[in-house]
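Please examine the structure shown here before reading on. The paragraphs that follow lead through it step by step.

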Amino acid sequence: MIEVKNLTKKYGDNTAVKNLSFTVENGKIYGFLGPNGAGKSTTMNIITGCLAATEGEVLINGHDIFEDPYEAKKCIGYLPELPPLYPEMTPYEYLTFVAEAKSIPYDQVYNEVERVMDATGIIDVRDRLIKNLSKGYKQRVGIAQAMIGSPEIIILDEPTVGLDPIQIIEIRELIKSLGKSHTVILSSHILSEVSAVCDHVMIISGGTLIASDAIDNLGKYLVGSTVMTLIAKGDPDRIKGAAEDIRDVTVKSVSPAAHEAEGVYEFIIESNKDDDIREKIFRKVCETNSVILNMDTKKMGLEEVFLKLTSEEGAEAEEDAPEASSGRKKEKPKKSAVREKDGESDYKPLFGTGNNDENNEKEDK
Amino acid sequence: MGAFYKKEFKSYFTNMTGYIFLGFLLLMTGIFYTAINLKQTHPQFEYVISNISFVFLLTVPILTMRSIAEEKHLKTDQLLYSLPVPVSKIIIAKYLAMVSVFLISVVIMMLYPLILLFFGKVNVVSSYGAIAGFAFLGAALIAIGLFMSSLTESQLISAVISFGTLLVMYLMGALSSIIPTTALASVIGFSVVLLGLGVIVYFMTKDFPVAFICFGVGEFILLLVYFINGAVFEGLFVSFLKFFSVFDRLENFIYGIFDLGAVVYYLSLICVFVFLTVQSVEKKRWS
């Protein structure tokens, strides 16, 4: 179990991580998500003892990483952003070195190295120099290094960066299998990866935690929003009015459709509900004597929510001042509540596209 | 610690550095041995030792340049930080591995006086004393090179600053003889040293007031002592400089004296520079 409390890291005047707190429980795969420069690597480096924090503390199974680093580090296997490999060694030599450095008893070193090589599928390249290996194999050697000694917690910093699609799938399978017996934390800026592999997601932006929830809950929130593109011929105001008669539906924009005849308009329609609104829209629009030429629905994906959350965080910081629409006022206390209660399983963090959309709606009007 | 020592020692022979270091050192030994002992038929191997100490200027930077700079360059230092091993142990293991590579050449050198025994009477003990002095000198210089390597990410820069430092130390004996021994000259000399320390403090802390206060306090004490009793400064700066003439302390060993003072001096240098290296590596975590 990892407890991170009020972690702050400053590089000179630049604050990389601001007052970050969260708890990582045993036996789950955690995903650290955030745009580049969000502070993911810095946080991981502090947790593993590679960097000292400016403020705050990190407890690993109750051992403070600064006060009692050797006990704490025994519980962790770490793969940094760049796999820390010695190019002039073979994977076998390298892993033997790491095993000995982690004080694995002499008679168990060979078996341990064989075990991790087998698990990561690098038996075939065991006697080739690391500098001659492909990037995918280097990454695997790096993961094997983190697995040595079966530490309770394995921390992987962007484990799939720069790999080809097949390698990415293989590494993901490997991480999933690791998750069965270890607590895994991985960082990524690729959303599909996090949703494919992790049980729990923490979104970081600008050095602060902006959301933290189980991936299943996340899914529930996300599906809530549907975006539809409608192309119809008729009076645009009447069509807009008709569509907005339906509950939870808003028309985001109306514009003359491109590459179409005169009098044909394109409508971007958003629904906050998960219901299929196509039929309702069809009927309502028909009532206005208009003709529907094209209808195209798209579920709101993780990407959109992620972008929204991370960009909103920036916008909010700028507008933090007194003026606040009613929507924002409602939202803020909830957000700070998320920060305080991080890691507790029963809270409902704001993945609420509902609230976000409410904002947008108000702004639009 | 054993794992680090083994890995480091092996790494000198999986790339060129170990071979270049040993090869060059032994080549120079061989040349001077042939010239002095075999051609001119001197029975003292000590003369060879005294002539080849300058080889350290080139070979020590070659040996030490990659030790820590390369770890930083390859980002493998993150592995070292994340392993449950204290940084001090890792640095000591690295240092011992380098000294072990150097000791290979020392062991080979120990054969040379024995070869001379075939041709007549040789004072083997005195020769071995000189070789021991040579070994201590080398070990001290390696500690200095290790520290220089921890200051930078680039092997080349590390090699150049090690070479520069060793060169100044090599010439220190000669340099100190041209410096005037008056009290005023000493005060000026110490002021320059204080200024240098102030600059170093500034670069380490990036805090101008702190660096300036360090310099100011030092300078104040210096001037105070000078005005109270200027006579203590007579020749003090020259002896201060002579303190850093690492190479000159080999002299007694050459003349057949096993100089315990010099041994203590070399051992202290080793401790100080290994300690500074540990601090320098630890510091990176706090950047």
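Two residues are in contact if their C-beta atoms, placed from the backbone, lie within 7 Å. By this criterion, 18 residues of chain B touch 19 residues of chain A. Helix 1 of chain B gives the largest share of chain B's side, six residues; helices (H or I, at least four residues) and strands (E, at least two) are DSSP runs, numbered from the N terminus.

This is a predicted model, in which local features need pLDDT of at least 70 and side-chain atom pairs count only at pLDDT 80 or more, while totals for chains, interfaces and linings use all residues. Residues are numbered from 1 along each chain as its sequence is written, and chains are lettered from A and ligands numbered from 1 in the order in which they are written.

Chain A holds an open sheet of four strands in the order 2-1-4-5, with antiparallel pairing; two strands pair if DSSP finds at least two bridges between them. Strand 2 (14–24) and strand 5 (63–64) of chain A are the edge strands, each pairing on one side only. Strand 1 (residues 2–11) of chain A is joined to strand 2 of chain A by seven bridges, and A:Glu3 has A:Thr23 in strand 2 as its bridge partner.

In chain B, helix 7 (residues 87–109) packs against helix 15 (residues 260–285) at an angle of about 130°, with axes 9 Å apart. Axes are lines fitted to C-alpha atoms, for helices over the stretch in contact, and angles run from 0 to 180 degrees between N-to-C directions. Among the residues that meet there are B:Ile91 of helix 7 and B:Val278 of helix 15.
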